[in-house]
Amino acid sequence: MADLAKLVDELSSLTVLEAADLAKMLEEKWGVSAAAAVAVAAGPAAGGGAAAAAAEEQTEFTVVLAAAGDKKIEVIKEVRAITGLGLKEAKDLVEGAPKPLKEGVAKDEAEKLKKQLEAVGAKVELK
C-alpha cells in the first residue's frame with residue numbers, strides 16, 4: 001500500500017497540462033476514455049435535492065482563466081508562477097482562454113489565485 005500512497009502523492013503534484021497528457025497516454029495505452037467514466041459517475045449524482053445540497057457544500061474548486069485582459073504578459077507571468085509551466089505552455093494556456101488553470105483547490109486558495117490573477121487584469125471564474 002505504501003507504493004499506492006506514493007503514486008497518489010505524485011499524481012497530486014501534476015499540473016493541469018501534465019494531467020491532461022497523462023490522461024491521453026492512458027487512453028492510448030488501454031483504449032479507454034476518462035470522459036465516459038466521469039459522465040457515468042456524475043449521472044446518479046444529478047438528482048434534484050442532492051445536487052443542490054452538493055453545490056452548497058462545495059469544498060473543491062476549479063480556477064478557470066476566462067480571459068487574459070489587456071496585460072497579457074503580466075498574466076502569463078502569474079500563470080507561470082501559479083502552475084510551474086514553462087513560458088510557451090503558459091503563453092498557450094493564456095492565449096487559449098477560457099481554460100482551467102488549477103483543479104481541485106480549496107476555496108481559500110481558489111479565492112487567493114483569483115485575486116492574484118485579477119490584480120494583473122485577467123478575468124477568472126471559480127467553478
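Reply: In this predicted model, 3 strands form an open sheet in the order β2-β1-β3, and their pairing is antiparallel. The edge strands are β2 (99-106) and β3 (123-126), each of which pairs on one side only. On average, and with direction ignored, neighbouring strands of this sheet are turned by 25 degrees against each other.

In general terms, the strands of a sheet pair through backbone hydrogen bonds, in either a parallel or an antiparallel manner. Here, strand β1 (residues 60-67) pairs with β2 in the antiparallel sense over 5 bridges. Within that pairing, F61 has V105 of β2 as its bridge partner. β1 is also joined to β3 by 4 bridges, and these two strands run antiparallel. In β3, the bridge partner of V64 is E125.

Helix α5 spans residues 72-83 and helix α6 residues 87-95; their axes come within 9 Å and cross at roughly 120 degrees. On the α5 side, the contact is made by K72, V75, I76, V79 and R80, while α6 contributes L87, A90, K91, L93, V94 and E95. By class, this contact of α5 with α6 has 7 nonpolar residues, 4 charged residues and no polar ones.

The other helix to be considered against α5 is α7 (residues 107-118). The axes of α5 and α7 come within 9 Å, and they cross at roughly 155 degrees. Since an angle over 145 degrees counts as roughly antiparallel, α5 is roughly antiparallel to α7. α5 passes α7 in a right-handed crossing. In this contact, V75, E78, V79 and I82 of α5 meet L113, Q116 and L117 of α7. The residues involved divide into 5 nonpolar, 1 polar and 1 charged. As a general point, an α-helix has 3.6 residues a turn, so residues three or four places apart point the same way.

Just after α2, G31 takes a positive phi of about 70 degrees.

Notes. Residues numbered from 1 in each chain as written. Predicted model: local features only at pLDDT ≥ 70, side-chain atom pairs only at ≥ 80, totals over all residues. Heavy atoms only, no water. Axes fitted to C-alpha atoms, helices over the stretch in contact; angles between N-to-C directions. Contact = heavy atoms within 4.5 Å. Nonpolar A, V, L, I, M, F, W, Y, C, P; charged D, E, K, R; others polar. Parallel < 35°, antiparallel > 145°, perpendicular 65-115°, else oblique. Left-handed = near helix turned anticlockwise from the far one by under 90°. Pairing = 2+ DSSP bridges.
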